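Work through the following exercises with the sequence and the structure side by side. Each task is followed by a solution that goes step by step.

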Amino acid sequence: MMDLAKMEDGFRLILEGMGEDVHREGLIDTPRRVAKMYQELLVGLTDGVNEDDLLSTQFTEAYDEMILLKDIPFVSMCEHHFLPFIGKAHVAYIPNDRIVGLSKLARTVDYYAKRPQVQERMTRQIAELIQKQLNPKGVAVVVEATHSCMTVRGVKKQGSVMFTSQLLGLFKRSEKTRAEFMALIHG
Ligand SMILES: [Zn+2]
C-alpha cells in the first residue's frame with residue numbers, strides 16, 4: 001500500500017523548496033492530486049498481482065507459427081527523472097503447444113510499465129516472463145517510446161523515439177523468423 005499522506009508531505013516540501021506559496025489557491029490541493037497521480041501511474045507497485053499469475057491461464061494448441069500482438073500502448077515512468085515515457089510494445093512468440101489469451105500479453109506489458117522503470121529492463125522482463133511461463137520456441141519484444149526526460153528537458157530532442165528489443169530462441173537464431181517479425185511490426 002502506498003502512503004499517500006507521506007507522498008503529499010513530500011510534494012509539499014518540493015513546492016516549498018521551489019519557493020512557492022503552498023497555501024495559494026492553485027497549489028493548496030496540488031500535493032494531494034500529485035500523490036493520487038503517482039498512485040495511478042505506478043499501480044503495479046501496489047496491485048498485489050504476482051508476475052507468475054499473469055500468464056498462468058494457458059491452452060493447448062497445435063499452432064506453431066508466430067503469434068504477434070502489435071501496438072500495445074503503455075505509459076511508464078522513467079526512474080531516473082520521474083518523467084513519463086510513452087509508447088507501444090510489440091510482443092510475439094512461437095508457441096510450443098501452449099498459448100495464452102492476447103489480453104494477457106497486454107496485461108503483462110502494463111504490469112511492467114506501471115512502476116518506476118527503464119525501457120531496457122521493461123523490454124527484457126516482458127520477454128523473460130513469456131519465456132519462463134510458456135516455454136515457447138521463440139519470443140520477440142520490441143518497445144518504442146518517447147521519453148519526456150529527453151523531449152522536455154536536457155537535450156530537448158522533440159520527436160526522438162527510442163527502440164529496444166529482446167529476441168529469444170528462434171527469433172535470435174533464425175534470420176528468416178526475425179525478418180518476418182520485423183516486416184509485420186513495420187508493415
Ligand atoms: Zn529519464
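**Exercise 1: the zinc site**

Task: Find which residues coordinate the zinc ion, and decide whether Cys 78 is buried or exposed.

Solution: In this predicted model, the zinc ion is coordinated at 2.2 Å by the SG atom of Cys 78, the ND1 atom of His 81 and the SG atom of Cys 149. Along the sequence, these donor residues follow the spacing C-x2-H-x67-C. The two cysteines belong to distant parts of the chain, since Cys 78 lies in strand β2 (residues 67-78) and Cys 149 in helix α5 (residues 148-151), 71 residues apart. The next step is accessibility, where buried means under 20% relative accessible area. Cys 78 has a relative accessibility of 6%, so this residue counts as buried, and Cys 149, with a relative accessible area of 10%, is buried as well.

**Exercise 2: the partners of strand β2**

Task: Work out how strand β2 is joined to strand β3 and to strand β5.

Solution: Begin with β3 (residues 84-94), which runs antiparallel to β2 and is joined to it by nine bridges. Within this pairing, Ile 67 stands opposite Tyr 93 of β3. The two strands form a hairpin with five residues between them, and in the turn Phe 82 has a positive phi of about 50°. Then turn to β5 (residues 116-117), which runs parallel to β2 and is joined to it by two bridges; here the bridge partner of Cys 78 is Gln 117. A salt bridge also connects the side chains of Asp 71 and Lys 88, at 3.6 Å from N to O, and this pair links strand β2 to strand β3 across 17 residues.

**Exercise 3: one face of helix α2**

Solution: Next list the buried residues, which are Thr 30, Pro 31, Val 34, Ala 35 and Tyr 38. What covers them includes α1 (4-17) and β2.

**Exercise 4: a salt bridge within a helix**

Task: Explain how Arg 12 and Asp 9 are placed in helix α1.

Solution: The side chains of Arg 12 and Asp 9 meet in a salt bridge at 3.1 Å, N to O. Because the two residues are three apart in helix α1, about one helical turn separates Arg 12 from Asp 9. Together with Glu 8, they are linked in a network of salt bridges.

How values were computed: Residues are numbered from 1 along each chain as its sequence is written. This is a predicted model: local features need pLDDT of at least 70, side-chain atom pairs count only at pLDDT 80 or more; totals for chains, interfaces and linings use all residues. Side-chain values use heavy atoms; hydrogens and water are left out. Donors are N, O and S atoms within 2.8 Å of the metal (3.2 Å for Na, K and Ca); water is not among the atoms, so sites may look incomplete. Helices (H or I, at least four residues) and strands (E, at least two) are DSSP runs, numbered from the N terminus. Buried means under 20% relative accessible area, exposed over 50%, partly exposed in between (1.4 Å probe, protein chains only). Two strands pair if DSSP finds at least two bridges between them. Contact means heavy atoms within 4.5 Å. A salt bridge is a side-chain nitrogen of Lys or Arg within 4 Å of a carboxyl oxygen of Asp or Glu.
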